[in-house]
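Biologist: I would like to learn how to read a model like this one. Can we go through it feature by feature?

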Amino acid sequence: MTNEWRGWRDATERALYGPDGFYSRAHGPGPAGHFRTSVHVSPLFAQAVAGLLRHVDAALGHPSELALVDVGAGRGELLAGVLAALPDDVTARLRPYAVERAPRPAGLDPRVTWLPELPAAASLTGLLFANEWLDNVPVDVVETDAAGVARRVLVGPDGTERLGDPVCGPDADWLARWWPLPTRDESKAPGGTEGREEGEAPRSPGEPDAAEPSEGHQLGAGAACPVPGLRAEIGRPRDAAWSRAVRVLRAGLAVTADYAHDRATRPPYGSLTGFREGREVRPIPDGTCDITAHVALDALIPRAPAGSPPARLLTQRDALRALGVDGRRPPLSLASSDPAGYVRALGAAGAAAELIDPAGLGGFRWLVQPVGGACAGVLGEG
Ligand SMILES: C[S@@+](CC[C@H](N)C(=O)[O-])C[C@H]1O[C@@H](n2cnc3c(N)ncnc32)[C@H](O)[C@@H]1O
């Protein structure tokens, strides 16, 4: 029985990507059958990515081979939409790649190269785009015990949890730098965590001290112990995955879009959750549901490749508006001059509004990483 208790990272890896895992199985509807990403909301999203690709293409001087790498490509819907939105003179030079752990779907455009892993480092020039990928890169979860010591959370096949060993080494260092758990004193500050009633909604912790971690740091071992019952998710596997993805580009732009938090807005009780058939469910690592956690995108900023400008974080709302997506309704005069066009434009305005809604998908974050200098000005100031 004991060997069935695993850390959440290991358990999620098996549940999502093991034999017949939630994502690795070929049959079934794929991600779109369980939740709606921006890609599924409207073709406007793929059209905006096509617009971004054209900016990248221009900044790179229209190379003879222009790569578009979709990491965590689902069923290839984004690539299909981008291909449909591009003019022939761009598609003639385009090399579209889907990097995806699920098998290639039947009927996908034959121009798309389907890869189970990232292409070789520094092999491509163009745009790498990853929509809702990193939230599905498995992470370990920690929880502070009654003494305030941060311990790895172990989970059984039915989702039952118990606490394991204290967190130490690089994982503890990552937490100390990126997700410091508030101590009793800090939690008394406005927005702190102490005194929470059972069932009360979690509140954001105050911005903790930015102390640099010490070598081999063990959380909760010092005098100021974190409050018991806090949770955090260790983002190191995502930082590493992102570094590998960015390194695929010789030159261009790498973008990852996801639901995210930063040091000022970490959820004090974590964000690990499950999704099944459109509904949020308790995460159970048995392959029947998605298991996802928000992404600490700010931890990726120091991962810029050598010689490249720093990455920038912006909201999806700002990114899409910069790419021409706006939720404004068409003028009423169109209803009389072109009723069918008016109805179409109204539908597009509704979809655009959903994509840029600050309380929904518009609140997602885009991390924009230029690789080399040419694309430094794309989606922002140069
Ligand atoms: C939430 S889905 C998003 C699908 C699509 N990008 C969209 O926005 O609709 C996440 C996808 O990432 C894929 N994925 C996760 N880790 C991966 C990895 N290391 N390499 C390739 N694909 C991965 C999963 O199989 C899954 O299809």
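Biologist: Which residue in E12 does glycine 274 stand opposite?

Modeller: First, a caution: this is a predicted model. Now the pair: glycine 274 faces valine 281 of E12. Strand E11, residues 273–276, is joined to E12 by 3 bridges, and the two run antiparallel.

Biologist: What is the order of the strands in that open sheet?

Modeller: The order is E12-E11-E13, 3 strands with antiparallel pairing. E12 (279–281) and E13 (290–292) are the edge strands; each has a single partner strand, so one side of each lacks a neighbour in the sheet. From one strand to the next, the twist averages 35°.

Biologist: Now helices. How many Å does H3 reach from its first C-alpha to its last?

Modeller: Compare the reach with the expected span. H3 covers residues 43–59, 17 residues, and reaches 25 Å, close to the 24 Å expected at 1.5 Å a residue. Its buried residues include Leu44, Phe45, Val49, Leu52, Leu53 and Asp57. Just after H3, glycine 61 takes a positive phi of about 80°.

Biologist: Which residues are closest to the ligand?

Modeller: Tyr23, Thr37, Gly72, Gly74 and Asn131 are the closest, in a surrounding set of 16 residues. By class, that shell holds 8 nonpolar, 5 polar and 3 charged residues.

Biologist: And the whole protein: how many helices and strands does it have?

Modeller: There are 11 helices and 15 strands. Of its 382 residues, 42% count as buried. Among contacts with a separation of 6 or more, 74% come from residues 24 or more positions apart.

Technical notes
Residues are numbered from 1 along each chain as its sequence is written. This is a predicted model: local features need pLDDT of at least 70, side-chain atom pairs count only at pLDDT 80 or more; totals for chains, interfaces and linings use all residues. A residue is near a molecule or strand if its C-beta atom, placed from the backbone, lies within 6 Å of it. Ala, Val, Leu, Ile, Met, Phe, Trp, Tyr, Cys and Pro count as nonpolar, Asp, Glu, Lys and Arg as charged, and the others, Gly among them, as polar. Helices (H or I, at least four residues) and strands (E, at least two) are DSSP runs, numbered from the N terminus. The expected span of a helix is 1.5 Å times one less than its number of residues. A residue is buried if 20 or more other C-beta atoms lie within 10 Å of its own, exposed if 12 or fewer, and partly exposed in between; C-beta atoms are placed from the backbone. Two residues are in contact if their C-beta atoms, placed from the backbone, lie within 7 Å. Two strands pair if DSSP finds at least two bridges between them. Axes are lines fitted to C-alpha atoms, for helices over the stretch in contact, and angles run from 0 to 180 degrees between N-to-C directions.
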